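Trainee: Hi! Could you walk me through this structure?
Mentor: Gladly, let's look at it together.

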Amino acid sequence: MHRILSGRYLPFALSLIAGVALWELAGRNTSAAFMVPFSETMLRLWELAASGALAVQFLDSATLFITGFALALLIGMPFGLLLARLQSLRIALEPYIMVLYATPMVALIPFILSMMGFGFAPKVLVVFLFAIFPILYNTIEGARSIKPELIEVAQSFRSNEWALWREVIVPYTLPFTMTGVRQAVGRGLVGMVAAEFFLSSTGLGQAIMMSSQNFDTSAVFALILVIGLLGVGLMRLGLTIENRFARWRD
Amino acid sequence: MVAVSTREKLKPMVNSGNNAIRIRVRGLGKRYGALEVFRGIDLEAGDHEIVAIVGPSGCGKTTLLRCIDGLLAVDSGEVVVDSERVTSPIAGVAMVFQHFGLFPWKTVYDNVAYGLRMAGISRAEITRRVPHFINLVGLKGFEKAFPYQMSGGMQQRCGLARALAIEPRVLLMDEPFAAVDAQTREILQFELLRIWEQRPTTMLFVTHSIEEAVLMGDRVVVLKGRPSNIHETIAIDLPRPRTRDTLREPRFGELRERVWGTLMSEARQAEFQLGA
Ligand SMILES: Nc1ncnc2c1ncn2[C@@H]1O[C@H](COP(=O)(O)OP(=O)(O)O)[C@@H](O)[C@H]1O
Ligand SMILES: [Mg+2]
């Protein structure tokens, strides 16, 4: 009991209770068109879940997110390592990467829409574009920061190029890539919702749009809550993976 | 003459190292762009011989070792190890680095296993050898530790084990104990001597400590000048095995003074300090 009181659980629980109470109060004192109380949101969430509609939308969004995100990782990491090792290619491509990294990706959606229409592929492209740059950027910066002395140690022990990547460059870079992955989770989720807003007839994002147009505010809140919790879960997962790969860093 | 045990009689009191030449460096020259580091270096090391190389910092000791290890291309001259001309790192030569050079993401065990894996040694042999060399350097119990969890002295023990594990013919030591505190350094010096007695190899031992050079070396090579060159080679006729007692022998003091004198014979070598 003492440990719970002195630990982080008490402030955490109190804050949650206060937040929910505030939400409830605010919801009860504003027009239902703007905001609904916590209790009503929960009720609507339960309805959506019970009807099976939520599961379908969730699965749809998850498929989109995982596909786009996996592509971002599978392309971003090897490409980042390659750019770190091939200086001239990096110098040539760096300005484009910087510009794309800095550009709010939402601005590209109309262009993607006009190029590719409403299928699954353009949505995946949006998630991919949102997610790849933190992964790519962190991988390049990480791989470049490796000490030349360690490369020299590998050479002294007669490492071949493949073993150099396997034993030195990749393990050194992984924690940096994972930092990028964690950042990319947040961006990827934004990409997922944005893609579903503009390019979709399915998914959680589209469900939010539909509910909003139907003035179903409690559904809007319920869906936002689902996405928010999904984001928190994914961030935590990313942090766990990052720490697992960064065990050797003090 | 003091009595010596039969075991010690079997080998020469003074290690002359004149049997087979293991390392032969001829006319070696190296420059970094406009900076000529050294020129016309001639150096030989025999089987089981320890050649200590002293010189002020910046005189090119590390560069010389990197050339001998085949990590750096030379501009003139050649390096031959066991009649093999060195142009890239060759098998059977291992280096111990001043900065330890441990892979921070690998445990002690995996760091020691690294050289063996690169050498294509069988898995069974690796699992046999790694614990042996971890014990030899006194790191038993730290197999699973990461470098950041260990002191500098322990990290260099690990670096030493990694080099020894490939059972090299030639060991290249680049100021291996320069980055650890004085007390640890002394302990490590005598441990290295003990290990070397058990399994002597040819060793080039680079240091900027005169005492350390005299303690370790069968010969001390003095590198100085800009571009640097071998100024003098001093034979160290101290008996082996060398122990803490060696430090108290009058002959040790004489030799230390000789190396000191050689290094100081030109005025501006002020950055030098005496002491191991
Ligand atoms: N990669 C390099 N590029 C240019 N100059 C270097 C490089 N490495 C070392 N030097 C220079 O070469 C000289 C010799 O360096 P080094 O071999 O490290 O000396 P030491 O090991 O004796 O201290 C120094 O002046 C150093 O600044
Ligand atoms: Mg040096």
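Mentor: One term before we start: a residue is near a molecule or strand if one of its heavy atoms lies within 4 Å of it. Also, this is a predicted model, in which local features need pLDDT of at least 70 and side-chain atom pairs count only at pLDDT 80 or more, while totals for chains, interfaces and linings use all residues. Residues are numbered from 1 along each chain as its sequence is written, chains are lettered from A and ligands numbered from 1 in the order in which they are written, and side-chain values use heavy atoms, with hydrogens and water left out.

Trainee: Thanks! Which residues surround ligand 1?
Mentor: The shell is made up of Tyr32(B), Leu35(B), Val37(B), Pro56(B), Ser57(B), Gly58(B), Cys59(B), Gly60(B), Lys61(B), Thr62(B) and Thr63(B).

Trainee: And what polar side-chain atom lies 2.5 Å from an oxygen atom of the ligand?
Mentor: That atom belongs to Thr63(B). Tyr32(B) also has a polar side-chain atom 3.4 Å from a nitrogen atom of ligand 1. From the backbone, a polar atom of Cys59(B) is 3.3 Å from an oxygen atom of the ligand. The term to know here is a polar contact, a pair of N or O atoms within 3.5 Å; within protein, one must be able to donate a hydrogen and the other to accept it, and residues adjacent in sequence count only if both atoms are side-chain atoms.

Trainee: How much of ligand 1 does the protein bury?
Mentor: The protein buries 60% of the 560 Å² that ligand 1 exposes when taken alone. Those accessible areas come from the Shrake-Rupley method with a 1.4 Å probe, and for residues only the protein chains shown count as cover.

Trainee: Which elements give two or more residues to that shell?
Mentor: They are β2 (35–46) and α2 (61–69) of chain B. The largest share, 3 residues, comes from α2(B). Helices (H or I, at least four residues) and strands (E, at least two) are DSSP runs, numbered from the N terminus.

Trainee: How does the shell divide by class?
Mentor: There are 5 nonpolar, 5 polar and 1 charged residues around ligand 1. Ala, Val, Leu, Ile, Met, Phe, Trp, Tyr, Cys and Pro count as nonpolar, Asp, Glu, Lys and Arg as charged, and the others, Gly among them, as polar.

Trainee: Switching topic: what about chain A, how many helices and strands are there?
Mentor: Chain A has 11 helices and 0 strands. Its C-alpha trace spans about 70 × 60 × 30 Å along the principal axes. Of the 250 residues in chain A, 41% are buried, where buried means under 20% relative accessible area, exposed over 50%, and partly exposed in between (1.4 Å probe, protein chains only).

Trainee: Can you pick one residue there? Why does Ser218(A) count as buried?
Mentor: Ser218(A) counts as buried because its relative accessibility is 11%. Ser218(A) sits in helix α11 of chain A, and a polar contact of 3.1 Å joins its side chain to that of Asp216(A).

Trainee: Last one: what lines the largest cavity?
Mentor: Glu94(A), Ile97(A), Tyr137(A), Ile140(A) and Glu141(A) do. About 40 Å³ of space lies inside that cavity, and α7(A) gives the most to its lining, with 3 residues.

Note on methods
1 Å grid on protein atoms, 1.4 Å probe; cavity = no way out; pocket = protein on both sides within 12 Å on 5 of 7 lines; lining within 4 Å. Points joined across faces, edges and corners; volume = space filled by probe spheres on them.
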